[in-house]
Amino acid sequence: MTQPTDTLAGFYAAWTPSLLFASSASKASPADVVIAAGGFEWPVVTLALAAIGVLAARPLAPKRNPPLSLAKNVLVSLIMLVAALLWVVDSRPGMLFAFVVSIGLGFSGYTLIELLGEEIAAYIKRAIAALPLPGLRPKSPTPAPTPDHLAADEEQA
């Protein structure tokens, strides 16, 4: 009596499903390329896609009136780039998801950062104006007592 695996066709019929399952379970992905440095694992390909997404979205972002200066444009780009890269290192999203979210950060995040910067600047101006700083308050009609006035008041008493 022969076993099903004694013939070549029987061997392939029995082991092909196992081979297919084993090969799909160990499939490598570019997202698996990781560099361990500084105590962190850096997913190189995903980080590169996130950076490309943020930087490529800048020309697509709505233009503001007046347009940002070069220094402010670079600063906003740097903030969004750091935010996207930290998100990738922290949460390890898939490559496509990281790319799409980074495009969204690059497109709408610029407007958000600009708006946030304007609000912070206005808040700081209001806070400084409300502080009772000497020399910045308007002069009062009556002079404040000085040590000379206090000494004269004591002599009269």
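This is a predicted model: local features need pLDDT of at least 70, side-chain atom pairs count only at pLDDT 80 or more; totals for chains, interfaces and linings use all residues.

I started with how H2 and H3 run relative to each other. They are roughly antiparallel, a label for angles over 145 degrees, while under 35 is roughly parallel, 65 to 115 roughly perpendicular and the rest oblique. The numbers behind that: the axes of H2 (residues 44–57) and H3 (residues 70–91) cross at roughly 150° and come within 9 Å. Axes here are lines fitted to C-alpha atoms, for helices over the stretch in contact, and angles run from 0 to 180 degrees between N-to-C directions.

Residues are numbered from 1 along each chain as its sequence is written, and side-chain values use heavy atoms, with hydrogens and water left out.

**H2 against H3**

I checked the handedness next, and H2 passes H3 in a right-handed crossing. Which residues make the contact (heavy atoms within 4.5 Å)? From H2 I listed Thr 46, Leu 47, Ala 50, Ala 51, Val 54 and Leu 55, and from H3 Met 80, Leu 81, Ala 84, Leu 85, Val 88 and Val 89. Sorted by type, the contact has 11 nonpolar residues, 1 polar and no charged. For the sorting, Ala, Val, Leu, Ile, Met, Phe, Trp, Tyr, Cys and Pro are nonpolar, Asp, Glu, Lys and Arg are charged, and the others, Gly among them, are polar.

**The whole chain**

I counted 5 helices and 2 strands. Both are DSSP runs numbered from the N terminus: helices are H or I with at least four residues, strands E with at least two. Along the sequence the pattern reads α-β-β-α-α-α-α. Of the 157 residues, 16% are buried (under 20% relative accessible area; exposed is over 50%, partly exposed in between, with a 1.4 Å probe and protein chains only). Among contacts between residues at least 6 apart in sequence, 69% join residues at least 24 apart.

**Arg 92**

How many salt bridges does a search of the whole structure find? I got 1, using a side-chain nitrogen of Lys or Arg within 4 Å of a carboxyl oxygen of Asp or Glu as the test. It joins the side chains of Arg 92 and Glu 41, at 3.4 Å from N to O. Arg 92 sits in the loop between H3 and H4 (95–130) and Glu 41 in strand S2 (residues 40–43), 51 residues apart. Arg 92 is partly exposed at 37%, and Glu 41 is partly exposed too, at 47%.

Arg 92 also has a positive phi of about 50°, though it isn't a glycine. I noted this since most residues other than glycine have a negative phi.

I found Phe 107 in H4, partly exposed at 36%. Leaving out neighbours within four places in sequence, Phe 107 touches Ala 57, Leu 60, Ala 61 and Pro 62. Its C-alpha is 6.5 Å from that of Leu 60, which is 47 residues away along the chain.

Ala 48 and Phe 99 are 51 residues apart in sequence, with 8.9 Å between their C-alpha atoms.

Note on methods: A crossing is left-handed if the near helix is turned anticlockwise from the far one by less than a right angle, and right-handed if clockwise. Contact means heavy atoms within 4.5 Å.
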